[in-house]
Amino acid sequence: MKAETVRKKEQIPAAQGKLGVLIPGIGGAVATTFIAGVEAIRNKWALPIGSLTQMGTIRLGKRTDNRVPYIKDFVNLAGPEDIVFGGWDIFSDNCYAAAKKARVLEKEMIERLQPFLGGIEPFKGVYNKQYLKNLDGNHVKSEKTYLDLANAVKEDIKSFTGKNSIERCVMIWCASTETYLQPSPVHQTIEAFEQGLRENHPDIPPSMIYAYAALTSGIPFVNGAPNLTVDVPALTELARKHEAPIAGKDFKTGQTLLKTIIAPGLKSRMLGLEGWYSTNILGNRDGQVLEDPGSFKTKEESKLSVLQQILQPELYPDLYKDFYHKVAINYYPPRGDNKEGWDCIDIFGWLGYPMQIKLNFLCRDSILAAPLVLDLVLLADFAKRASLSGIQEWLSFYFKSPMEAQGLYPEHDLFIQLMKLKNTLRYLMGEELITHLGLEYYMD
Ligand SMILES: NC(=O)c1ccc[n+]([C@@H]2O[C@H](COP(=O)([O-])OP(=O)(O)OC[C@H]3O[C@@H](n4cnc5c(N)ncnc54)[C@H](O)[C@@H]3O)[C@@H](O)[C@H]2O)c1
């Protein structure tokens, strides 16, 4: 992406026409809660609570200017009413049946939405048991090579956009967490990757096949799970080549959201950390998938990196060298999607005196994730219209493991991430960036 090719303000084409949201994992808890929620919002039965793009404001100019529009009025974003949903799953349930199974929303709400949800049927998924040990998909594509599978996904996209008269699309991965994978030579260049697609290379999981189909169609790709997917050189390069924005990884929702709120606060006050023990119980399908050690390792890597990056032990060895950090997730069916997280935080203050913080977050996983899906699809679509391509670091606000350019460390502090996001919007809309310096109010 070259600075001069980024479009600003009036150059950004309007969000006209329908926006197709393409979801691998459309039968899952997050996806169905998102879809049902958008339809409830369109019917004015509910408010888009948790969505920055729908409920958030942005300050423009000086504090004395009193210019604080809603983000959705300031930026030329598509709205919930423009969205059409499509996607893939390895089970054939339509979104009504899937939402019932997910047990996130109340029965009454699901029944009210039945005509709408029942009309959304998944395309057959791209499935590979090697990457998803704890589920046995039965609604799956049968093409022989990975390249043929990618082409079949592209055909699905074409038929969906044609049938629904869709102008633009965004793909967002809401499917299960794939088993742990380290980057290997097949992920290093576009050529090696395409060769791998032709030869069914074992290091290419289904998520990369969907991403390849999206990117080569110029469609932005967002990754809500911790699997590598587009976070490898071949696919970031492909995104730039096809002028598609990409963002990931792993929605920042429950426990990690709280971590990235609390840890920057402790660090701002120069309070030390001896240990942080986090454990969770959850009983949804995500919890079942994460019982598999391979999938859990992918998640664990994503969750563990956060504190190291925020606390910077290399800069503050007296406060943060060798703190103990443990994350556990246990599958416990009775809780369903209502996850319970406990954090035990051992800190120390003046003269090294120890103190403890205990957190008990009784959250609802998919209720926290759904508004992030809405924001991400609208912002990724905006990024595409603004000609931003490749990694969208300004969207790191939404992720546990934000993607960044090679050689940069990721920014995990939620408040820095929010400032980065809002300043990017100000920049694209030709407004002054806000530094929070404020000295100008005290100068004669
Ligand atoms: N708060 C949250 O809920 C949260 C936060 C961060 C990340 N995530 C991630 O989001 C993803 C979705 O979470 P969920 O709770 O909805 O899980 P879920 O198990 O309810 O849904 C995942 C869906 O993906 C489908 N699927 C699996 N592999 C597929 C494939 N190859 N192609 C198409 N469909 C496939 C499954 O059949 C299932 O319907 C998970 O990876 C999870 O780790 C969720």
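## Loops, domains and helices

Thr-229 sits in the loop that runs between strand 5 (221-223) and helix 10 (233-241), where helices (H or I, at least four residues) and strands (E, at least two) are DSSP runs numbered from the N terminus. The model is a predicted one, in which local features need pLDDT of at least 70 and side-chain atom pairs count only at pLDDT 80 or more, while totals for chains, interfaces and linings use all residues. Residues are numbered from 1 along each chain as its sequence is written.

The phi of Thr-229 is near 45°, which is a positive value in a residue other than glycine. Thr-229 counts as buried because it has 28 C-beta neighbours inside 10 Å; a residue is buried if 20 or more other C-beta atoms lie within 10 Å of its own, exposed if 12 or fewer, and partly exposed in between, with C-beta atoms placed from the backbone. Asn-66, in the loop between helix 2 (52-55) and helix 3, also has a positive phi, near 55°, but Asn-66 is exposed, with 9 other C-beta atoms within 10 Å. Another loop, between strand 6 (245-247) and helix 11, holds Lys-249, and a cis peptide bond with omega of about -5° joins Gly-248 and Lys-249.

The protein chain is divided into domain 1 (3-251 + 367-428) and domain 2 (255-362), with bounds that come from an automatic or database domain assignment. Taken over C-alpha atoms, the centres of domain 1 and domain 2 are separated by 26 Å. Their contact takes 26 residues from domain 1 and 26 residues from domain 2, two residues being in contact if their C-beta atoms, placed from the backbone, lie within 7 Å.

Both domain 1 and domain 2 give residues to the shell around the ligand, so the ligand lies between them. The shell has 36 residues, the closest being Gly-25, Gly-28, Gly-125, Ala-225 and Arg-285; a residue counts as near the ligand if its C-beta atom, placed from the backbone, lies within 6 Å of it. Elements that give two or more residues to the shell are helix 1 (29-42), strand 2 (83-89), helix 12 (285-289) and helix 15 (365-385), and helix 15 gives the most, with 4 residues.

Two helices can be set side by side, where the expected span is 1.5 Å times one less than the number of residues.

| Helix | Residues in helix | Span, first to last C-alpha | Expected span |
|---|---|---|---|
| Helix 1 | 14 residues | 20 Å | 20 Å |
| Helix 16 | 15 residues | 21 Å | 21 Å |

Helix 1 is mostly covered, as 12 of its 14 residues are buried, among them Phe-34, Ile-35 and Glu-39. Just after helix 1, Lys-44 takes a positive phi of about 60°.

In helix 16, the buried residues are Leu-414, Gln-417, Leu-421, Lys-422, Leu-425 and Leu-428. These residues cover an arc of only 130° around the axis, which puts them on the same side of helix 16; the arc is that of the directions from the helix axis to the C-beta atoms. What covers these buried residues includes helix 3 (71-74) and helix 11 (255-268). Just after helix 16, Gly-430 takes a positive phi of about 70°.
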